[in-house]
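Subject: Handover of a structure and findings

Dear colleague,

Please find the structure below for your records.

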Amino acid sequence: MSENNKKQSFLGRLFSNRNKTVDVMVEEQIQSPGRMMLDNFMHNRLGMTGLIGFVLIFLFVSIAPYFVPINLGTSDTTQTNVPPTTGMLKIPDGMKNNVQAIAPGPTFGVGCNKDGQVFVWGYTKITDKIDIKKIPDEVKEAKIVDVAAGYDHIVAIDDESNIYVWGNTRLGQDRIPSELKPSRTKGPKNIIQIEAGYQISGALTDQGEAYFWGNSNMADIDVRKEFQGHIKKFAIATYNYILLLDDGSVAYGGMQKNNAFTNIPSNLSANVVDIAASGDTMADVTEDGKITVWGNATHGEAKVPETESKPVEIYGGRNHYTALMENGDVISWGDNEHKQSTVTAAVNSGDIETVFAGFYQNYAVTKTGEVHTWGLDGHILGTDDLGRDVLTRIIHGGKTTMTVGAIAEVIAILIGVILGAIAGYFGGTADLLIMRISEVIGGLPFLPFALLLSAIIGTRIDVQLRMYLIMVVLGLLSWTGICRLIRAQILAEREKEFVLAAQAMGVKEGTIIFKHILPNVMSILLVEATLGFATCMLTESSLSYLGFGITPPTPTWGNMLTGANNSIVIQQYWWRWVFPAAIFGLCTICINLMGDAIRDAVDPKSLGR
């Protein structure tokens with residue numbers, strides 16, 4: 001050893017580069033086979049690229065589900081086939097510090113400033129031909145003082161109480177009652193409130209009269225005469241509405257006599273100061289600050305949080321409520337899938353003047369005109385035909401697909417290694433029997449066999465058991481290639497001197513096989529396992545595509561692509577198949593690059609020396 005090497009520290013000699021003067025043959029002698037394989041792999045750029053890509057995807061689908069939960073039972077008609085978009089909460093510059101009114105829609109927002117100008121933002125396409133962002137000229141010319149956003153249309157009112165409607169009007173959303181038109185009243189009545197819901201709208205005059213219009217086939221929009229002239233405020237749910245009367249009581253104003261909203265709690269006979277509605281519930285606030293919720297509260301709307309300050313106003317979204325407190329703070333509760341019930345810390349600074357809430361968005365305006373927002377800001381990768389977020393399903397679908405592929409490959413490796421080692425070492429009858437079994441199983445047409453099994457089982461087992469069954473079936477039908485590979489390698493290894501020495505020393509044959517011979521073929525097994533993992537993932541997706549795999553609503557990359565197997569989806573809703581296909585293809589390519597790099601690393605000829 002040279003004098004320079006003697007002076008090097010232990011850590012320097014361990015981790016620093018070798019002396020460039022070291023002979024190539026000496027370098028080969030001081031490196032272990034494992035170290036040589038690792039060095040060769042790390043110098044393979046494609047292999048390292050595949051490794052890094054696979055690790056990133058694996059970490060993404062393994063860690064992200066803890067931060068992005070999924071509700072398998074979710075289905076939302078208001079969010080169907082929304083393309084990749086953000087900015088649903090982004091207030092236009094023309095409204096900053098100048099807000100007059102804001103109304104959140106399903107995927108858009110509409111508002112007007114104190115100068116009477118109207119702004120629409122977010123994803124505004126209602127259909128291929130209807131874009132709600134196209135504001136009518138008469139609305140642009142008028143001074144708008146209030147706006148309301150429905151499921152597919154917008155209602156606005158100007159300073160002279162003229163009502164404007166645009167968007168989808170196919171079901172009478174623009175059929176304004178004659179009582180609200182100037183031609184019948186010698187000038188329009190003074191309108192003090194407008195609201196919009198699912199294909200219906202309503203307006204309230206200063207004379208205490210409420211009028212509703214729109215799709216009357218779906219909604220109960222008639223008003224009983226005994227309430228007209230005594231209405232102080234109204235709130236619209238999906239298909240129904242309630243009234244706050246001038247005596248402080250709450251009433252259901254429609255003609256239906258038996259639904260979830262007609263049974264108003266008995267404690268609401270008086271002293272109610274505000275009312276609101278979500279999609280399927282109604283709520284009120286009394287003078288003493290008590291909030292009561294009734295209806296079909298399936299999203300936690302009735303779980304009102306306890307507060308130190310008294311609520312004074314309440315606002316309803318699709319599945320949540322927001323309340324303004326006496327001290328200027330704000331609370332939200334109910335469904336929180338889109339973070340619409342998570343009030344940001346900046347909101348509760350005690351200076352909120354008013355709140356605008358609806359669907360999945362909230363806007364809190366401070367006394368200085370600043371606007372704070374929370375809720376749904378968009379879908380980064382879009383949504384599917386049931387309104388489910390594509391990114392969320394890709395995350396959880398990747399976890400399922402990788403789990404199925406990994407466990408299936410583990411099963412195949414265990415069976416293939418054990419049977420291949422026995423056949424290769426003992427030979428004779430054992431070899432003959434195992435190889436014939438391998439040939440029979442390898443000759444089974446896999447996909448027709450899986451389809452036949454699917455037809456026999458049908459829907460008699462749940463999704464969890466179906467996933468386990470797929471893992472087992474994939475494993476039981478995928479071991480034959482590994483078995484033949486291990487058998488061939490052990491046939492070569494068993495003739496070497498170290499095996500003969502172990503036999504002469506009386507070492508048990510099981511120990512010789514699995515402790516002495518098998519480690520010498522592990523590098524080749526690693527290559528096969530890597531490539532087999534990708535194959536199992538592809539096979540699972542093929543099964544899902546053909547109907548045997550894991551069925552929705554449990555997501556996998558395979559059944560997500562199956563759901564996009566439609567010419568209309570492929571042409572119009574490209575995000576539903578592009579993103580699942582992209583990450584699935586990228587993951588498979590990365591695994592194959594790793595496998596090829598490992599194969600080159602274990603091949604001495606690839607060293608080129």
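Is strand 4 (residues 118-122) mostly covered or mostly uncovered? Strand 4 is mostly covered, since 4 of its 5 residues are buried. Buried means under 20% relative accessible area, whereas exposed means over 50% and partly exposed lies in between (1.4 Å probe, protein chains only). Helices (H or I, at least four residues) and strands (E, at least two) are DSSP runs, numbered from the N terminus.

Please note that this is a predicted model, in which local features need pLDDT of at least 70 and side-chain atom pairs count only at pLDDT 80 or more, while totals for chains, interfaces and linings use all residues. Residues are numbered from 1 along each chain as its sequence is written, and side-chain values use heavy atoms, with hydrogens and water left out.

The chain as a whole

The protein chain holds 18 helices and 23 strands. Of its 609 residues, 48% are buried. Among the contacts in the chain with a separation of 6 or more, 58% are between residues 24 or more positions apart; contact means heavy atoms within 4.5 Å.

A hairpin

Two strands pair if DSSP finds at least two bridges between them. G109 has W121 in strand 4 as its bridge partner. The two strands form a hairpin with 4 residues between them, and G116 in the turn has a positive phi of about 90°.

Two open sheets

Strands of a sheet pair through backbone hydrogen bonds, either parallel or antiparallel. Strand 15 (residues 281-286) pairs with strand 16 over 5 bridges, and V285 has I291 as its bridge partner in strand 16.

Another open sheet of 3 strands has the order 20-21-22, again antiparallel. Its edge strands are strand 20 (352-358) and strand 22 (371-375), each pairing on one side only. Strand 20 and strand 21 (residues 361-366) are paired over 6 bridges, and the bridge partner of F356 in strand 21 is Y363.

A buried loop residue

Q173 is found in the loop between strand 7 (163-167) and helix 7 (182-185). Its relative accessible area is 0%, so Q173 counts as buried. Leaving aside neighbours within four places in sequence, Q173 is in contact with residues including D152, H153 and W213.

The second largest pocket

A pocket is an open set of points on a 1 Å grid over the protein atoms alone, where a 1.4 Å probe fits, with protein on both sides within 12 Å along at least five of seven lines; lining residues have an atom within 4 Å of a point. The second largest pocket is lined by 36 residues, of which E337, H338, H379, D389 and T392 lie nearest its centre. Strand 23 (378-379) and helix 8 (390-426) are the elements that give two or more residues to this lining, and helix 8 gives the most, with 4 residues.

Yours sincerely
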